[in-house]
Amino acid sequence: MKILVIGHAAYDMTFPLDKFPEENTKNRVSKRVECGGGPSYNAAYLLGKWGMDVHFAGVVGNDNFGRRVAHQLQTVGIKTKYLQMSDKFPTTNSIIIANTSIGSRTVFTYRPENMQMEDFELDFEPDIILMDGQEYDLSMKFIKKYPNSVTIIDAGRPKEKIIELAKMVNYVVCSKEFAETVTGIKMQENSSVINLYKKMESIFPGKIIVTLESKGALYKYNNQIKIMPSLRVKAIDSTGAGDIFHGAFTYAISHNYDLEKAIMISNVAGALSVTKIGSLASMPEKVDIKEYIHDFK
């Protein structure tokens, strides 16, 4: 089972604080967590960590940050042939403030507006393609070129190109913000949730899962619109939780779990990740998932 993950790669620096800083103050931190990051990058890392045959496609700078990003993927067995090291652009950087008292994170990302991958061809046919929409042209190219591949999009931001890609894939795994913006419906009560989901179905032909952060995930199973609650955990840093959800979902689909079990696995993985600082360091092991889902393999 060969998986192509294509999209955003960055180098993250996370600063954990016990409260969000006040404006115009100086703050001394006792810890800094550095690692690769980005939606597709984090999902790919989890898939590699869980033993999948993963090829990552993205672009970083030909600099120290870019080399660290590549090395970390390689430590979990991910193929980086299609990770482009650019001399035109610096590696994308994210500064993350993790408010450990409530588990929230605030992210500042610098990426040049015109930073995109150069065109390339694959030397294999992927069984699954996971994308985050950052590399629109290449994502669309591979969707069309490999119609037999199972396609999954991490639709986080409600941008026009991401919406267009979401209309082409088998699974739309999107954020609450994406779903509310695209439909124009706010999730405030049961009737609005049902109306939102039905409106999403009228726009996107694939199967739809809406991630709701600590509230779980919205989906349809056996013709019923349902919300699967998340695990109750003490959250200290939500960085990468959604990305880990997408990686675990892709893993579950690759192992032929049905949709409801796939969402259950993803919910557990995402929830466990918020109990630790940083994205890569917080990724659960497969044995951690098995403690909650006994038939997980």
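Predicted model: local features only at pLDDT ≥ 70, side-chain atom pairs only at ≥ 80, totals over all residues.

Trainee: Is helix 8 mostly covered or mostly uncovered?

Mentor: A residue counts as buried when its relative accessible area is under 20%. By that criterion 14 of the 15 residues of helix 8 are buried, so the helix is mostly covered.

Trainee: Which residues make the contact between helix 7 and helix 8, and at what angle do the two cross?

Mentor: The axes of helix 7 and helix 8 come within 8 Å and cross at roughly 145°. The crossing is right-handed. From helix 7 the contact draws on Ala-241, Ile-244, Phe-245, Ala-248, Phe-249, Ala-252 and Ile-253. Helix 8 contributes, among them, Leu-259, Ala-262, Ile-263, Ser-266 and Gly-270. The residues of this contact divide into 12 nonpolar, four polar and no charged.

Trainee: How are helix 1 and helix 7 oriented to each other?

Mentor: One reads the angle between the axes and then assigns a class. Helix 1 (residues 39-49) and helix 7 (residues 241-254) pack at about 45°, with their axes 8 Å apart. The two helices are therefore oblique to each other, and their crossing is right-handed. Pro-39, Asn-42, Ala-43, Leu-46 and Leu-47 of helix 1 meet residues of helix 7 that include Asp-243, Ile-244 and Tyr-251. The contact residues divide into seven nonpolar, three polar and one charged.

Trainee: Which residues of helix 5 are buried, and what do they pack against?

Mentor: In helix 5 (residues 176-183) the buried residues are Phe-178, Ala-179, Glu-180, Val-182 and Thr-183. They pack against strand 9, helix 4, strand 10, helix 6 and strand 11. Helix 5 is followed by Gly-184, which has a positive phi near 75°.

Trainee: Let us turn to the loops. Is Ser-30 buried or exposed?

Mentor: The threshold for exposed is over 50% relative accessible area. Ser-30, in the loop between strand 2 and strand 3, has 79% relative accessibility and therefore counts as exposed.

Trainee: Where is Gln-134, and is it buried or exposed?

Mentor: Gln-134 is in the loop between strand 8 and helix 3. Its relative accessible area is 16%, so Gln-134 is buried. Beyond its neighbours within four places in sequence, Gln-134 is in contact with Gly-7, His-8, Arg-111, Gln-116 and Arg-157.

Trainee: What is the relative accessible area of Asn-62, and which residues is it in contact with?

Mentor: Asn-62, found in the loop between strand 4 and helix 2, is partly exposed, with a relative accessible area of 39%. Apart from neighbours within four places in sequence, Asn-62 is in contact with Arg-67, Met-85, Ser-86, Asp-87 and Phe-89.

Methods
Residues numbered from 1 in each chain as written. Heavy atoms only, no water. Buried < 20%, exposed > 50% of the residue type's maximum accessible area, 1.4 Å probe, protein only. Helix = DSSP H or I, 4+ residues; strand = E, 2+ residues; numbered from the N terminus. Axes fitted to C-alpha atoms, helices over the stretch in contact; angles between N-to-C directions. Parallel < 35°, antiparallel > 145°, perpendicular 65-115°, else oblique. Left-handed = near helix turned anticlockwise from the far one by under 90°. Contact = heavy atoms within 4.5 Å. Nonpolar A, V, L, I, M, F, W, Y, C, P; charged D, E, K, R; others polar.
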